Amino acid sequence: MKSMSEFQLTDLLMKMYGNSAEAIFFFDRTGKVLTMNSAAEFILNAEVLDSMAAGDAEAICMSCRGYTNEQELQTCISCYLKSPDEDFSSFQVYLDTKGKGVIPYTASYQTIDVENGIRVFMLRDLTKQYKTQEMLNQKLITKNIIKAQEDERKRISRELHDGVAQEVLSSLVELRVLKYMNVDAEVLKKVQQTEGSLMRLLDDIRHLSVELRPATLDDLGMEAAFRTHFKWMEKNYGLVVHFTAELDSKRYEGEIETVVYRVCQEAVFNALKYAGTEDLTVRLFEDDGYLKLYVIDEGIGFNLNSIHPKGTGLGLYGMRERAELVEGRTTVLSEPGKGTSVRLEIPL
Amino acid sequence: MNGQENFNYQQEMARLRDHFDFDFVGLALVQSIESRFELKWVFTMGNRSNRYRRIVLQTGKGIVGHVFKTGKPLLVEDAEKILGGKDLYNYPIIVAEGLKSFGAIALYEYNRVKGVLLVGYRTEEKLTLECFTEFKQVVGPTFGQFYNKEMVGN
C-alpha cells in the first residue's frame with residue numbers, strides 16, 4: 001500500500017470519479033456546485049443542470065424532495081446543506097430524477113476541506129436494494145398469510161364438524177325417537193319434513209366444513225381428501241374428475257399435502273370455470289424423487305402469452321406462490337383448442 | 001314418489017314447452033328419505049348435456065337452490081347482465097345448457113317447498129316479465145300434487 005505513488009492514487013481517484021455509478025457533487029462554502037461527475041449529470045434534469053452551471057446555490061433543491069430524519073420520511077427541516085454541524089455521513093434522500101421520477105438514494109454529505117469549506121455529496125441509488133428487500137418481505141408475508149389462512153380455516157372447519165354438526169345430529173336422533181312414540185299421523189308428517197330439513201342442514205354444514213379445509217386431509221391424507229373433493233365437485237357442478245393416485249396412501253409432510261391439495265383445487269376450479277369441459281384427468285404420483293401432480297383437461301385451452309387473462313389472473317400466480325413454499329414448481333401448458341395441463345412438481 | 005302415478009309430469013312439462021316454445025324445461029324434486037331428502041333433477045326436456053344428472057342441488061346455491069330456499073319465483077331475463085359472466089360457473093345448469101333467459105317457480109306441498117320448475121330460452125331477453133307471468137298463469141295453482149303458494153295466497 002505504501003508503495004503506491006501519489007500519481008497512482010490520483011489516477012485511481014479520477015477513475016472512480018469518472019466511472020462510478022455513484023453520483024458525486026462537490027460544493028463550496030456557499031452551496032454552489034463546483035463540479036460533479038457524469039453519474040450525477042445523468043440523474044439530474046436539464047434545467048437543474050443549467051441553474052447549477054449558472055451558480056445558483058439552491059439548484060439542488062429543485063431536484064431534492066427532502067431527506068429522512070427521525071420524524072419524517074421526506075423533510076427539509078434542518079437541511080443537510082444548511083446544517084454543517086450535524087452529522088450527515090449517511091442518510092436517505094429523495095431526488096426527482098431524470099426519467100425515473102422520485103426515488104430514494106443513500107447519501108453522504110461530508111466536509112473534505114475545512115479550510116476552503118469544500119464538501120462532497122455522494123448519492124447511491126437504493127431502488128435495486130429496495131426491490132430485493134421488498135421481494136424478500138413479500139415472500140415472507142405471503143408465506144405467513146397462507147399459513148394464517150390455513151390455520152384459521154382448519155379451526156373453523158373443526159369447530160363446524162365437531163361442534164355444530166354434532167349438535168344437529170343429536171337433535172336429528174332425538175327427532176327420530178318421536179316416530180316410535182304414540183303420535184298421530186299429522187304430527188308424524190310434520191316430523192318427517194323437519195327431519196328432511198335437518199338432514200339437508202347437516203349436509204350443508206359438513207360441506208362447509210370440508211370446503212374450508214377437509215379434515216380428511218389431515219387424518220387420512222391426500223388421496224382420501226381428493227376423492228371426497230372430486231365427489232363433491234361432481235355433485236355440485238356435474239364435473240367428472242378421473243382421478244388416479246399411485247401413492248398407496250403414503251403420507252407426506254403436512255405442508256406438502258396442503259400445497260398439493262390447494263394447487264389441485266385451484267387447477268380443477270380453473271378447468272371448471274374456463275375450460276368449458278365436463279370431465280378432466282388428475283394424476284398424482286411419485287417419480288424421480290419428485291411428487292408430481294398433473295391436472296389435464298381437453299377443453300378450449302388458452303393463449304399463455306395473452307396479457308388479458310380471463311378472471312383475475314391471480315390464480316396461476318397463487319399456485320406458483322404456494323408451490324414455492326415447499327420448493328416446488330408449477331408448469332402450465334396450454335394452447336387454444338388443445339386443452340390445458342397444469343403440472344406441479346415437489347422435491348421430496 | 002307419492003302421487004306421481006296420478007299425474008304425468010312429463011306430459012305437463014311438454015304442454016308448457018309447446019305452449020311457450022321453451023328451449024329447456026326442468027323439474028327438480030326433493031327425493032325420498034332413502035336418498036337423504038336430496039334435491040335432484042327428475043325430468044328435463046330440451047337438454048343438450050347430461051350434466052344435470054350428476055348434480056345434487058343445494059339450498060341457496062344456483063338458480064334452483066335460490067328458489068328452493070326462498071320459495072319465491074325467480075326471473076332472469078338476461079343471464080349475462082344479471083348474473084355476470086365471471087361467476088357463471090356457480091350456475092352449472094345454466095352454463096351446461098347455455099340458457100340466456102330463464103325463470104323458475106317453487107312447488108309446494110304441506111307448506112314446504114318440495115320442488116322447483118325451471119324454464120328457459122337460449123336467447124337473451126326472450127323470457128320477459130309478461131311472458132313469465134303468463135307462464136305462471138298457464139301452470140295454474142297446482143302442478144301435480146304440488147301447488148304454487150303465491151296463487152293460493154292471492
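Rings of Phe, Tyr and Trp (for Trp, its six-membered ring) pair if their centres lie within 6.5 Å; planes under 30 degrees apart count as stacked, over 60 as edge-to-face and the rest as tilted. By this rule the count comes to 33 aromatic pairs over all chains. The model is predicted: local features need pLDDT of at least 70, side-chain atom pairs count only at pLDDT 80 or more, and totals for chains, interfaces and linings use all residues. Residues are numbered from 1 along each chain as its sequence is written, chains are lettered from A and ligands numbered from 1 in the order in which they are written, and side-chain values use heavy atoms, with hydrogens and water left out.

**View 1. A stacked pair in chain A.** Phe25(A) and Phe27(A) form a stacked aromatic pair, 6.2 Å centre to centre with 20° between the planes. Phe25(A) has 0% relative accessibility and so counts as buried, a term that means under 20% relative accessible area, with exposed over 50% and partly exposed in between (1.4 Å probe, protein chains only). Phe27(A), at 1%, is buried too. One aromatic cluster includes Phe25(A) and Phe27(A), with Tyr67(A), Tyr80(A) and Phe121(A) among its other members.

View 2. Phe285(A) and Tyr294(A) form an edge-to-face aromatic pair, with 5.3 Å between the centres and 80° between the planes. Phe285(A) is buried at a relative accessible area of 8%, and Tyr294(A) is buried at 13%. The charged end of Arg283(A) sits over the ring of Phe285(A), 4.0 Å from its centre. The charged end of Arg343(A) sits over the ring of Tyr294(A), 4.5 Å from its centre. A charge sits over a ring if NZ of Lys or CZ of Arg is within 6 Å of the ring centre and within 35 degrees of the ring normal.

**View 3. The fold of chain B.** Chain B has seven helices and eight strands; these are DSSP runs, numbered from the N terminus, with helices (H or I) of at least four residues and strands (E) of at least two. Along its principal axes the C-alpha trace of chain B spans about 40 × 35 × 25 Å. Of the 154 residues of chain B, 51% count as buried. Among contacts (heavy atoms within 4.5 Å) in chain B between residues at least 6 apart in sequence, 60% join residues at least 24 apart.
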